[in-house]
Amino acid sequence: MVEIDQWIAQFPVCQYEIVPSEKIPFSEKVRFICREECERYGKSWSCPPAVGSVEECRQRCLEYPRALVFTTLAEVNDMAVMAETLATRGGHEKISRAICRELEDRGYSCLCLSSESCQICESCAYPEACRHPEAAIPCVESYGILVTELAEMCGMDFYYDSHTVTWFGLIFFKDKER
């Protein structure tokens, strides 16, 4: 087991849980929402259809036996104002990358999923080759993962109030192959 309790406190993480990867809930329903409601669908390497089918994503995740589910919080005046909400995402992304690096430094291979479509480049090169495949982090939902069901399964809070944004991160991990 990872000694997460010994080092996770150095990050501004609100809640976390380690879960077996096979318990993570995947669903085509999430992909439907991506396709019908997300402006990044078909425009980013970290979104569908570029990430593959939900089943391909599930199989990729199952290559890692465990997953660290964690949340960070951000304060806003009104969570319903999408521009204000999305403006807080950068902090969560930095934390996701730092936690992933921490796990890698401790000898684990990781697959990191985070809060939204990758925003490393000002303009994604999709459908041409990704400029930074080693740094791109796909969105949890882009993989077809039911975040609300996962939060419930982990006993984690999903909603606090209209002034608090809850960002979810998910890092699948396994011992590095030697």
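This is a predicted model: local features need pLDDT of at least 70, side-chain atom pairs count only at pLDDT 80 or more; totals for chains, interfaces and linings use all residues.
**Overall shape and surface**

- Taken along the principal axes, the C-alpha atoms of the protein fill a box of roughly 40 × 40 × 30 Å.
- Of the 178 residues in the protein, 47% count as buried, while the accessible surface comes to about 9,700 Å², with 49% of that area belonging to carbon and sulfur atoms.
- Among the contacts in the protein with a separation of 6 or more, 79% are made by residues 24 or more positions apart.
- The protein carries 18 positive and 29 negative side chains, and the centres of these two sets lie 6 Å apart.

**Helix α5 and its surroundings**

- Helix α5, formed by residues 89–105, has 17 residues and reaches 24 Å from its first C-alpha to its last, close to the 24 Å expected at 1.5 Å a residue.
- The buried residues of α5 are Arg89, His92, Glu93, Ile95, Ser96, Ala98, Ile99, Cys100, Glu102 and Leu103, a list that includes the charged residues Arg89, Glu93 and Glu102.
- Just after α5, Gly107 takes a positive phi of about 100°.

- Ser21 has its place in the loop between β1 (15–20) and α2 (28–37), and it counts as buried because its relative accessibility is 2%, where buried means under 20%.
- Leaving aside neighbours within four places in sequence, Ser21 is in contact with Cys61, Leu62, Tyr64, Pro65, Arg66, Ala67 and Phe172.
- Pro25 is also placed in the loop between β1 and α2, and with a relative accessibility of 9% Pro25 counts as buried.
- Although Pro25 and Leu146 are 121 residues apart in sequence, they are 5.7 Å apart in space, C-alpha to C-alpha.
- Not counting residues up to four places away in sequence, Pro25 touches Gly144, Ile145, Leu146, Glu149 and Leu150.

**The loop between α2 and α3**

- Pro49 is found in the loop between α2 and α3 (54–62), and the peptide bond that leads from Pro48 to Pro49 is cis, with omega near 0°.
- Val51 is likewise found in the loop between α2 and α3, where its relative accessibility of 6% makes Val51 count as buried.
- Val51 and Ser142 are 91 residues apart in sequence, yet their C-alpha atoms are 7.3 Å apart in space.
- Residues touched by Val51, not counting those up to four places away in sequence, are Arg31, Trp45, Ser46, Cys57, Arg60, Pro138, Ser142 and Tyr143.

**The loop between β3 and α6**

- Ser114 is found in the loop between β3 and α6, and with a relative accessibility of 1% Ser114 counts as buried.
- The C-alpha atoms of Ser114 and Thr71 are separated by 9.9 Å, and these residues are 43 residues apart along the chain.
- Not counting residues up to four places away in sequence, Ser114 touches His92, Glu93, Ser96, Ile137, Pro138, Cys139, Val140, Phe168 and Gly169; of these, His92, Glu93 and Ser96 are listed among the buried residues of α5.
- Pro127 lies in the loop between β3 and α6 (147–154), and the peptide bond from Tyr126 to Pro127 is cis, with omega near 5°.

- Glu75 has its place in strand β2, and because its relative accessibility is 75%, with exposed meaning over 50%, Glu75 counts as exposed.
- Leaving aside neighbours within four places in sequence, Glu75 is in contact with Thr88 and His163.
- The C-alpha atoms of Glu75 and Leu86 are separated by 11 Å, and the two residues are 11 residues apart along the chain.

How values were computed
Residues are numbered from 1 along each chain as its sequence is written. Side-chain values use heavy atoms; hydrogens and water are left out. Buried means under 20% relative accessible area, exposed over 50%, partly exposed in between (1.4 Å probe, protein chains only). Contact means heavy atoms within 4.5 Å. Accessible areas come from the Shrake-Rupley method with a 1.4 Å probe; for residues, only the protein chains shown count as cover. The place of a charge is taken as NZ of Lys, CZ of Arg, CG of Asp or CD of Glu. Helices (H or I, at least four residues) and strands (E, at least two) are DSSP runs, numbered from the N terminus. The expected span of a helix is 1.5 Å times one less than its number of residues.
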